Amino acid sequence: HAAPLHVTPAAGPIAWLERLRSHVRAALTRTLAPRIGGVARALVLGDAATLSDDASMAVRGSGLSHVLAVSGMHVTLTVGLAVLLLRRILARAAISARIPAERLASALGVPLAIFYAAFAGGTASAWRAGVTAALGWCLVAAGRRVNSAPITALAVLVFGLAAPTRVVEPGAVLSIAATAAVLTTLR
């Protein structure tokens, strides 16, 4: 006889993040047609399992499965848009006279990139993209010129320290390099 299993709800930031994900998931389900809602949940939340069978087969058949995986493109475009909007807002604010709006907005992009990686499901590709984008925004915030090679090298170093065996996987390096390349086009 096994003891009964008791599930306790998560507390703190993880619980808040899951409530936010649940709220967004419900809003997408409520406001979009089922077929479109599944694609939107896959793109925004990393919930590819919510795709209808027809949509899933169509995506696989077209060879675009990687587009629905939350990765460098999603993170850098989403956070890049937020940084661009912040830059424009800050450029009009009095604070931009003391701190350049581009640098301050980029500094705010660092936690946004990490947050979006967690919000989008926290998959390995989302974390690679989030950390790589955060490193790129750090460089911009520090007033450094951003090129994809140094961002890629820095990200590989960071991930190499965290998980040395994983960073040599071709998919990991390609994911990091792709994120760095997309990031440099947004600046």
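A residue counts as buried when its relative accessible area is under 20%, as exposed when it is over 50%, and as partly exposed in between. The model shown here is predicted. Arginine 25 has a relative accessibility of 26%, so this residue counts as partly exposed. Aspartate 47 has a relative accessible area of 14% and is therefore buried.

Side chains of opposite charge can pair when their charged atoms come close. Arginine 25 and aspartate 47 form a salt bridge, with their closest N and O atoms 2.9 Å apart. Arginine 25 belongs to helix H1 and aspartate 47 to the loop between H2 and H3, so the pair ties together parts that are 22 residues apart in sequence.

Aspartate 47 also forms a salt bridge with arginine 21, and here the closest N and O atoms are 3.3 Å apart. Arginine 21 lies in helix H1, while aspartate 47 sits in the loop between helix H2 (34-45) and helix H3 (53-62), so this pair ties together parts that are 26 residues apart in sequence. Aspartate 47 and arginine 21 are both buried.

How many salt bridges does a search of the whole structure find? The search finds 4. One of them joins the side chains of arginine 166 and glutamate 169, at 3.2 Å from N to O. Arginine 166 has a relative accessible area of 44%, so it is partly exposed. Glutamate 169 is at 33% relative accessibility and therefore also counts as partly exposed. Salt bridges that share partners link Glu18, Arg21, Arg25 and Asp47 in one network.

The next topic is helix packing. Two packed helices are described by the angle between their axes and the distance between the axes. Helix H1 (residues 13-31) packs with helix H6 (residues 101-119) at an angle of about 70 degrees, and their axes are 10 Å apart. Angles of 65 to 115 degrees count as roughly perpendicular, and H1 and H6 are therefore roughly perpendicular to each other. Their crossing is right-handed. On the H1 side the contact is made by Trp16, Leu17, Leu20, Arg21 and Val24, and on the H6 side by Phe115, Ala118 and Phe119. Sorted by class, the contact of H1 with H6 has 7 nonpolar residues, no polar residues and 1 charged residue.

H6 also packs with H7, at an angle of about 170 degrees and with the axes 8 Å apart. This angle makes H6 roughly antiparallel to H7. Among the H6 residues in this contact are Arg103, Val110, Ile114 and Ala118, and H7 residues that they meet as a group include Trp127, Val131, Trp137 and Cys138. By class, the contact of H6 with H7 has 15 nonpolar, 3 polar and 2 charged residues.

Where is glycine 143 found? Glycine 143 is in the loop between helix H7 (124-141) and helix H8 (148-162). At 47% relative accessibility, glycine 143 counts as partly exposed. Glycine 143 and arginine 103 are 40 residues apart in sequence, and their C-alpha atoms are 6.7 Å apart in space.

Terms used
Residues numbered from 1 in each chain as written. Predicted model: local features only at pLDDT ≥ 70, side-chain atom pairs only at ≥ 80, totals over all residues. Heavy atoms only, no water. Axes fitted to C-alpha atoms, helices over the stretch in contact; angles between N-to-C directions. Helix = DSSP H or I, 4+ residues; strand = E, 2+ residues; numbered from the N terminus. Parallel < 35°, antiparallel > 145°, perpendicular 65-115°, else oblique. Left-handed = near helix turned anticlockwise from the far one by under 90°. Contact = heavy atoms within 4.5 Å. Nonpolar A, V, L, I, M, F, W, Y, C, P; charged D, E, K, R; others polar. Buried < 20%, exposed > 50% of the residue type's maximum accessible area, 1.4 Å probe, protein only.
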